[in-house]
There are 2 protein chains.
Amino acid sequence: MSLATGKCIPCRKGDPALTDADVSGLLSQVPGWALIEVEGIKRLERVFKLKNYAEAVALTNKIAAIAEEEDHHPLIVLEWGRVTVHWWTHVVKGLHKNDFIMAARTDGLFGE
Amino acid sequence: MSLATGKCIPCRKGDPALTDADVSGLLSQVPGWALIEVEGIKRLERVFKLKNYAEAVALTNKIAAIAEEEDHHPLIVLEWGRVTVHWWTHVVKGLHKNDFIMAARTDGLFGE
């Protein structure tokens, strides 16, 4: 099953973050996403370039809709012609498979 | 005239940024906004706390609407229950009175 058609699986406090090996494997399935670290916590980051502000706002709202649907909320930076997205999982203090699923689904929204 | 009822005035490349004295004076009219500096460029920043994600998305869209209306676009960071806004003016490489007008209008949207 591809990541892009995945659904988030419930994750609980105490669940472990993905190992570095797991992260490497999954990262290759979401080209365009970079592995970054903010205050010691790993995140997935991608910058989407759009034609104008309206398109950036529209993408932000599409991402917000899947975030609510899955109850998994990214950080989104909305600027003119540009949307930056960070996915990570607070309760595991790092990356969960859900973040890769959501990254792949975000790519799908961008391509719509 | 209060800032909150102001409209952006057209500003052009080559217009000067506000002086520190002007910034101090205007800053006192938008309590809640902090003066920050990013890569040597002054910006106004405020973090708005919301009850949930839907309210944060709604505020983001309201801000986006006035940004398009005035053709002056901030940086907005959308997270669960939290919206961070930065206003500054690219062409003056710093703060313009427009940024204070938009900050005051953003406060009005939050209070709606």
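In α3(B), the buried residues are B:N98, B:D99, B:F100, B:I101, B:M102, B:A103, B:A104, B:R105, B:T106, B:D107 and B:L109. That makes 11 of the 14 residues of α3(B), so the rest of the structure largely encloses this helix. The model behind this picture is a predicted one. As for length, α3 of chain B runs over residues 97-110, and at 1.5 Å a residue it should span 20 Å; the C-alpha atoms at its ends do lie 20 Å apart, in agreement.

What do the buried residues of α3(B) pack against? Their partners, in chain B, are the helices α1 (20-27) and α2 (53-70), along with the strands β2 (41-49) and β4 (82-87). With α2(B), the geometry can be spelled out: the axes of α2(B) and α3(B) come within 10 Å and cross at roughly 145 degrees, and the crossing is right-handed. On the α2(B) side, the residues taking part are B:L59, B:K62, B:I63, B:I66, B:A67, B:E69 and B:E70, and they meet B:M102, B:R105, B:T106, B:L109 and B:F110 of α3(B). Sorted by class, this contact has 7 nonpolar, 1 polar and 4 charged residues.

Turning to the pair of chains, chain B can be laid on chain A by a rotation of 180 degrees with 0.0 Å of shift along the axis, giving an RMSD of 0.0 Å. The two copies are thus related as by a two-fold rotation axis. Within chain B, the residue that comes closest to the rotation axis is B:V77, with its C-alpha at 2.2 Å. Both copies use the same surface, as 100% of the contact residues of chain B recur in chain A.

Note on methods
Residues numbered from 1 in each chain as written. Chains lettered and ligands numbered in written order. Predicted model: local features only at pLDDT ≥ 70, side-chain atom pairs only at ≥ 80, totals over all residues. Heavy atoms only, no water. Least-squares fit on C-alpha atoms with pLDDT ≥ 70 in both. Contact = heavy atoms within 4.5 Å. Helix = DSSP H or I, 4+ residues; strand = E, 2+ residues; numbered from the N terminus. Expected span 1.5 Å × (residues − 1). Buried < 20%, exposed > 50% of the residue type's maximum accessible area, 1.4 Å probe, protein only. Axes fitted to C-alpha atoms, helices over the stretch in contact; angles between N-to-C directions. Left-handed = near helix turned anticlockwise from the far one by under 90°. Nonpolar A, V, L, I, M, F, W, Y, C, P; charged D, E, K, R; others polar.
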